[in-house]
Amino acid sequence: MYEIISGAWKGHLGRGLAQKELQYLLGTAQGMTAKEIARRFEVAACTVAKRLSCAMFKLGVTRQTAAVAEEMRRQIISPVCFALAAMIAMHAIIGDDAMRRDRRIPERRTAQVRVLR
């Protein structure tokens, strides 16, 4: 078995995904966008998007986050640091609101008009 290590993630080849698909999904697991992955591997962003969609089809999912979760379930990828992964999983189970990123409600600006005579 061959392994690919990318950042804090380790991927295993020979478990249903092509090498490039696995590399791009490891980038997704690190939180990178398609453009960032494309810059890293010096390819077009549409190439990354196509490879990711092929990998998601093979995994039977429709979203990239679901693809990462499915890869972890099938043990195609695994975090190098298990303590960090356990902490993230515990926060997800507990439902800690501090870990969520909330958007601020935009302020409405109102204009005051004075009529002068």
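Glu70 is buried, with a relative accessible area of 14%. Buried means under 20% relative accessible area, exposed over 50%, and partly exposed in between (1.4 Å probe, protein chains only). This is a predicted model, in which local features need pLDDT of at least 70 and side-chain atom pairs count only at pLDDT 80 or more, while totals for chains, interfaces and linings use all residues. Residues are numbered from 1 along each chain as its sequence is written, and side-chain values use heavy atoms, without hydrogens and water.

Glu70 forms a salt bridge with Arg73, with the closest N and O atoms 2.6 Å apart. A salt bridge here is a side-chain nitrogen of Lys or Arg within 4 Å of a carboxyl oxygen of Asp or Glu. Both residues lie in helix H4 (residues 64-73), three residues apart. Helices (H or I, at least four residues) and strands (E, at least two) are DSSP runs, numbered from the N terminus. Arg73 is exposed at 60%. Glu70 also meets Arg74 in a salt bridge (2.8 Å, N to O).

Three salt bridges are counted. Among them is Glu21 with Lys58, at 3.0 Å, N to O. Glu21 sits in helix H1 and Lys58 in helix H3 (residues 45-59), 37 residues apart. Glu21 is buried at 4%; Lys58 is partly exposed at 43%.

Now the sheet. Three strands form an open sheet in the order E1-E2-E3, with antiparallel pairing. Strands pair if DSSP finds at least two bridges between them. E1 (3-6) and E3 (77-79) stand at the edges, each with a single partner strand, so one side of each lacks a neighbour in the sheet.
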